[in-house]
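Keep the sequence and the 3D view at hand.

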Amino acid sequence: TQLMGNLLKVLACSDLEHGPIVFLDFEHAQPTEAETAVWNQVSAVLEEAHGILAELQSYNGAGQEIREAIQNPGDLQLQEKAWNAVCPLVAKLKRFYEFSLRLENALRSLLEALTSPPYAPMQHLEREQALAKQFAEILHFTLSFDELKMTNPAIQNDFSYYRRTISRNRLNNQQLEAENEVNNEMANRMSLFYAEATPMLKTLSNATTKFVSENKTLPIEDTTDCLSTMACVCRVMLETPEYRCRFTNTDTMLFCMRVMVGVIILYDHVHPVGAFAKTSKIDMKGCIKVLKEQPSNSVEGLLNALRYTTRHLNDDSTSKQIRALLQ
């Protein structure tokens, strides 16, 4: 996707005054031969992401039908109407959940590629621009999905009505037809997934943590430096007027903000002391400040993600200043 607007070469610097400079060409990055296999695999997953978001955006839920059925337990017609409204919605929720598993695999492949020896994270981001861009697109999808999910209480209401109805009607064969859609074990996993405030992000942070713990030979810094470098890239892009004025549309700003918040949260889950400590390689104050300068309706969801999906925000090692910024 051309989501990055017509962003020209973008500069990211490490926090050292004259540290290494990386150009991340988020717009025109094309996979090199070495990247092609992973790029194709991830590309197939990302192609579906747009449709998933559109479906979630138009997800209205069966609130009214469910209310009427509950208020009139004796009216079989209303019970059936609610059930028929909920079943296709649950099929959608199952599809979203299954997509999260494919996204998790895509993320793993990207992490493997972007952290493999012998290159340092900076070199990886420079050499594998197309994969860095896909990593950004996964995070953009994830935060977009979770923002929509957070503001849609119908999802959990529909699903719990579905489960209650199934257990109540175990004996009534007619209503077991749809259970082939979602068996009990799948329903349990979906319940846990949708119970999370930010289910997609949780899936990705679990996957990243797992990736680090399974790759014993890979220094954890290789993964966290890759994340902190991307956070720095996004922050620099957002706070530097000469880059910002190249963003032709607000989508690009939002893209950068979501990616920045996404990598911060992953970093905070994977790094032993997290993103908020003084020793963190992410300039959290700078990142939060950049977000706070945007119109609150576009960043409230992202600030909430930092408040509620990070792991170390409430640690003693987090400075009062940073906590106050997120109050």
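With which residue does E98 form a salt bridge? The partner is K94, and the closest N and O atoms are 3.9 Å apart. A salt bridge here is a side-chain nitrogen of Lys or Arg within 4 Å of a carboxyl oxygen of Asp or Glu.

This is a predicted model, in which local features need pLDDT of at least 70, side-chain atom pairs count only at pLDDT 80 or more, and totals for chains, interfaces and linings use all residues. Residues are numbered from 1 along each chain as its sequence is written, and side-chain values use heavy atoms, with hydrogens and water left out.

**Salt bridges**

The count comes to 9 salt bridges. Three of them are described here, beginning with the pair above.

E98 and K94 both lie in helix α3 (residues 76-115). They sit 4 residues apart, about one turn of the helix. Helices are DSSP runs of H or I with at least four residues, numbered from the N terminus. E98 is partly exposed, with a relative accessible area of 34%. K94 is buried, at 18%. Buried means under 20% relative accessible area, exposed means over 50%, and partly exposed lies in between (1.4 Å probe, protein chains only).

E185 and R189 also meet through their side chains, at 3.0 Å from N to O. Both lie in helix α7 (residues 184-195), 4 residues apart, about one turn of the helix. R189 is partly exposed, with a relative accessible area of 34%.

K281 and D225 form another salt bridge, at 3.0 Å from N to O. This pair links distant parts of the chain, 56 residues apart. K281 is in the loop between α11 (250-270) and α12 (284-292), while D225 is in helix α9 (residues 220-239). K281 counts as partly exposed, at 47% relative accessibility. D225 counts as buried, at 17%.

| Salt bridge | N to O distance |
|---|---|
| E98 and K94 | 3.9 Å |
| E185 and R189 | 3.0 Å |
| K281 and D225 | 3.0 Å |

**Cysteines**

How many disulfides are there? The count is 0. A disulfide is a pair of cysteine sulfur atoms within 2.5 Å. Take C234: the closest cysteine sulfur, in C256, is 5.1 Å from its own sulfur, too far for a bond. C234 is buried, with a relative accessible area of 1%. C232 counts as buried too, at 7% relative accessibility.

Helix α5 (129-150) has 22 residues. From first C-alpha to last, α5 reaches 32 Å, close to the 32 Å expected at 1.5 Å a residue. The expected span is 1.5 Å times one less than the number of residues. In α5, 19 of the 22 residues are buried, so this helix is largely enclosed by the rest of the structure.

Helix α8 (residues 199-214) has 16 residues. Its span from first C-alpha to last is 22 Å, close to the 22 Å expected. The buried residues of α8 include P199, M200, L201, F211 and V212.

**The cavity**

The structure holds 1 cavity of 30 Å³ or more. On a 1 Å grid over the protein atoms alone, a cavity is a set of points where a 1.4 Å probe fits but cannot get out; lining residues have an atom within 4 Å of a point. Grid points are joined across faces, edges and corners, and a volume is the space filled by probe spheres set on the points.

The largest cavity has a volume of about 30 Å³. Its lining is made up of L143, D146, E147, M150, T198, G301 and A305. Helices α5 and α13 (296-308) each supply at least two of the lining residues. The largest share, 4 residues, comes from α5. By class, the lining has 3 nonpolar, 2 polar and 2 charged residues. Nonpolar covers Ala, Val, Leu, Ile, Met, Phe, Trp, Tyr, Cys and Pro; charged covers Asp, Glu, Lys and Arg; the others, Gly among them, are polar.

**Around L326**

L326 is in the segment after α14 (320-325). At 4% relative accessibility, L326 counts as buried. The C-alpha atoms of L326 and I288 are separated by 7.8 Å, though these residues are 38 apart along the chain. K292 is 34 residues from L326 in sequence and 9.4 Å away in space, C-alpha to C-alpha. K292 is placed in helix α12. K292 is partly exposed, with a relative accessible area of 41%.

Key: 1 Å grid on protein atoms, 1.4 Å probe; cavity = no way out; pocket = protein on both sides within 12 Å on 5 of 7 lines; lining within 4 Å.
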